[in-house]
Structures are given as structure tokens and as C-alpha cells.
Amino acid sequence: MGEMINITVNGAQMQAAKGSLLIDKLLDENIHIPHFCYHQALGKDGNCRMCMVEIEGQKRPQIACDTPVKDGMVVRTKGENIEKVRRDILELELINHPIDCPTCDQAGECKLQDYYMESGFYDSRVNLENKNHARKRIDLGSNVMLDQERCVLCTRCVRFCANITKTHELGVISRADHSVIGTFPGRPLNNPYAMNVIDICPVGALTNKDFRFKQRVWFLETFDAICNGCSKGCNIYVDHRKEKYKDDQIFRFRPRVNKAINGWFMCDEGRLSYTNESENRFENPLIDKNPTSVNTTITNVFKELTTNKNILFVLSANLSYEEMLNVKNLTSKLNVQISGYSPNTIDKDFGDDYLRTNDKTTNRASFKQLEIDETKEYFETALNNASLVFIVENNYFDKNLNLLENKKVISLFSHNCETINHSNIAIPVASFYEKSGTYINNDGFKQKVISKMNKNNPMKTITTIIEDLKSMIEKGTL
């Protein structure tokens, strides 16, 4: 950290790094400062002029996004004079803006709407017979819909494609008050991170085609989690809702800021993976492919574990640290083998030099911490000697079912797969976002997820099942 200096904001003294931008200090201190064009990941642009502040010694207001802090600086973000300046700027933004908040999918998350309500522009002083009109409902590609009339020309999306993805699909077309955002001819929006322009758009110009008109955002509940699409462990918001007479359902993932891991963004594949939670769920416990109760299956699992000596547990690298630890403790009690072998989760075509990794699991690093062997040699030796294979969310066998011939199979899965059909006993379990746990990403960061899903008929968690089995084994009775 560089030299720290003292500044005063709205009468409160604080320290800031010398030469840093004033707007960054205001945002870090949660001091309200209206802004459209500035974004901490994209840097200053200075085109919206909404972040005006008063600085003692300056003749006129200054934009906070292009003002470096200086020792002894005295700043005011509130007050009749500076608020009037911002209202005048906002009034110009609203001249050609359509009055369609009730039908806009961004309503409730729109900065223009928020600033408008703060400013109290309930009666327009500018009455135009004909506003400038532009194209609406333009499918840009990559699940992004554009409404050119709603755009405030902050150019965040343009700078994202130029500076972050470096794909340059978006640009500003035409001139003056007829300027609009658009794609270049024959160049649809098409990159692995394209949907991030939806999050950084401060208004309703860019909306999510996948989420569009499915829910009003004020009905949604949110909890913090991580993406389980790869070992990067991008931080996300999980937006869900339990409607009357319906089950709790996830409607979207959004990136959550974590400067040490994913910054402000996430990849499109991870964002759209929310649909995996509800699709193809495994819900009914099976014994020899016949439906039964969970308690009956757990009792039968206990019998198998206590009557078989050569047992191999095969774990998924998507399990939480706590789940892996519980299973390992169970294998220690039983004095049996445990493996984390899962080469099928490595996709050499998926990773890039930004946020995506080739390892499409969230917690492989925990195998090392818990000393769970995941080598091919150990797995093959243990499998050859095993008479019973206990599979926990590891779908490696889906394309290798021949390896399970002449062996008893017990499996715990949240979603249907081929291995379930080949299992003697199969128990449904809670999915990734229906349970809480700790995960270690590829850079060694530990992250805790606390689920707030409220299902009508929640599945047992893996931890609960393993604890039940450990308790039965310790008692030595059914």
C-alpha cells in the first residue's frame, strides 16, 4: 500500500492512498455518489458527469471519477448546490428516455430509476413533441437483449468488450443525441463472458434474455454462494423464490465482487448453470431399482458396510470439505479404501487465462488437505480388490459401467445418471446449492457457502447420511 493521506468527506476525516481516485474512496466507504460511466473494473471515462462533488478551493464542481485525492482535501457530496448540479445533469439524461419503468425488466435494479426518485423529477420541465426513438428488443447474441432507447451511453459495455474480453463487438454508432450502442455488422456479441455486460449496465438497456420477464426482482431472495462450474470458485449471488403452492426455485446467478478471486465478473457457462439444479433430479431412493424409503435404504447400506470387507469409497471433487472429512472418518472406522479419482472432470478445452479453469470441480484442493488419494494407480488397485463400491456424487462410472461388473454398488447422487441404474442401493441427496459447506479453490482460498433454499421436501444431505451410518456402526445395531 502506498502513502496514506488525510482527507475530509462530508465533515468526516478518513485516510486514503495518495493519488487514488476520489470515487474509489467514496465507494469503498459506502458514501452515496451517483454515477453511470464509472466502474471499478473498467476505470474512469468521465462521460456521464453524474459523480460531481464540491472540493474546497475549487471554483466549480469536479467529477470524483477523475479526481485524485490530495492531502488535506475537503470534499462535500451533499448540499443544495452540488445536488442541484447533479439534478440538472440527470434532467438532460431523461429528456429522450422512454417512460416504460413498469414494463422494463430492469425495474428495481436500475440506477437511473433510483437517481430519478432521489431527485424528485415528477413533472418534466422539458416537453418534447417527439422524442428521439431508436431500436428496441435487439438480440445481440449470447442471451443479451438491447433496448437502444433506454441507454444512457455510459459505454461500460463497450469498454468491457474492449478492455476485459478484448473481443470488441460493441461500439457507439451515430452522433450527438442520436448516438446508440450496437454491434458491428456481422459481429454478434459472442464471447465466454458476454453476459457480464448485463450486470454492468446501470439501466435497462441490456437485459438477460434467459431471465427476462420471468420474475420481478423485488420478489426474489438472495444468498451468497460460489459457482460450482470449475475450480476458480467465482463468488455469486443465488437469486431464488418460493412462490405460493410451488417449490423453492433458483432463477438466476449473478457475479458477486471478490477482488481476490473473480473480481466483478463470471463466465456465461457458470451463470447459466443454475438450471442444472432443478433439471433431472434424482428423488426416490432405490433398492435393486425398486422405490423404497430413505430409512430403509440407510439400514440396508449399514448391513452392506458391516458384512463386506473389501470396500472402496469413490468421492466427487465437488463435495464440500466437511462431506469429504465425514466420509474419510467413516472409512477409517471401517478400515476401507477411499479414492477421489475423477479424470472425467478435467476439460482441457474449457480453461482460459482469465476466470475459467480446466478442472470443472469446485473442491479438488481438499483432497490434498485431507490426504485422499486421487491417482489412477491407487484407484485401479483398490477397485480390483473391492467387492463393494460406495460412490458419492462421482459420475466417472457413467461411461465406465463395465468396471462395476460383479461388484455391489451403493451410490449417493443428487441428479439422475447411469450409475444409479447400475446400483444395488441408490439414495438421493441434497444438491450443491441446497446444502452448506466449505470449498477450497485452485488458488487455495477457503470459501464458505450457507444455503438458504427452502424446499418443500428437502433431500437428506450427504453429511446427515454419513453421520447416521457412523452412529449405527458405533452402536453396532440396526
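Residues are numbered from 1 along each chain as its sequence is written, and side-chain values use heavy atoms, without hydrogens or water. Because the model is predicted, local features need pLDDT of at least 70 and side-chain atom pairs count only at pLDDT 80 or more, while totals for chains, interfaces and linings use all residues. Helices (H or I, at least four residues) and strands (E, at least two) are DSSP runs, numbered from the N terminus. Two strands count as paired if DSSP finds at least two bridges between them.

An open sheet is built from five strands in the order β2-β1-β5-β3-β4, with mixed pairing. Its edges are β2 (12–17) and β4 (62–63), each of which pairs on one side only. Within the sheet, β1 (residues 4–9) and β5 (residues 74–76) run parallel and are joined by two bridges; V9 stands opposite V75 in β5. Helix α2 lies across β3 (52–55) and β5, at about 155° to β3. That angle is taken between N-to-C directions on a scale from 0 to 180 degrees, with axes fitted as lines to C-alpha atoms, for helices over the stretch in contact.

UniProt, in an unreviewed entry, lists residues 81–120 as "domain: 4Fe-4S His(Cys)3-ligated-type". UniProt positions are given in the numbering used here, feature names are shortened, and annotations may be inferred rather than shown by experiment. In the model this span is 57% helix and 0% strand, and its end C-alpha atoms lie 16 Å apart. A further annotation from an unreviewed entry, "domain: 4Fe-4S Mo/W bis-MGD-type", covers residues 220–281. There the chain is 8% helix and 35% strand, with the end C-alpha atoms 23 Å apart.

Strands β6 (residues 138–141) and β7 (residues 144–146) pair in the antiparallel sense over three bridges, and I138 has L146 in β7 as its bridge partner. Two residues lie between the strands, and S142 takes a positive phi near 55°. N143 is also a contact of I198, a residue of helix α5. The C-alpha atoms of I198 and N143 are separated by 9.6 Å, although the two residues are 55 apart along the chain. Contact here means heavy atoms within 4.5 Å. Beyond its neighbours within four places in sequence, I198 also touches V144, L206, T207 and N208. I198 counts as buried because its relative accessibility is 10%; buried means under 20% relative accessible area, exposed over 50%, and partly exposed in between (1.4 Å probe, protein chains only).

Helix α4 (residues 156–164) has R156, C157, V158, R159, F160 and C161 as its buried residues. Their cover includes β8 (170–173), β9 (180–183), α5 (196–200) and β10 (206–208). Just after the helix, K166 takes a positive phi of about 60°.

The largest nonpolar core has 78 residues, of which L22, F36, L170 and V197 touch the most other members. Helix α4 gives the most to this core, with four residues. A nonpolar core is a set of buried Ala, Val, Leu, Ile, Met, Phe, Trp, Tyr and Cys residues joined through side-chain atoms within 4.5 Å. Neighbours within four places aside, the contacts of L170 include C157, V158 and C161, as well as L140, I181 and V197. A second, separate core of 32 residues includes F302, L334, L412 and L469.

Side chains of opposite charge can pair when their charged atoms come close. The structure holds 33 salt bridges, each defined as a side-chain nitrogen of Lys or Arg within 4 Å of a carboxyl oxygen of Asp or Glu. One of them joins R252 and E109 at 2.5 Å, N to O. This pair links distant parts of the chain, 143 residues apart: R252 is in strand β13 (residues 248–255) and E109 in the loop between α2 (80–94) and α3 (111–119). R252 is buried at 10% relative accessibility, whereas E109 is partly exposed at 28%. In the salt bridge of D359 and R364 (2.9 Å, N to O), D359 is buried with a relative accessible area of 13%, and R364 is buried with 14%. E243 and R241 also meet in a salt bridge, at 3.6 Å, N to O. Finally, salt bridges link D100, K136, D147, E149 and R150 in a network.
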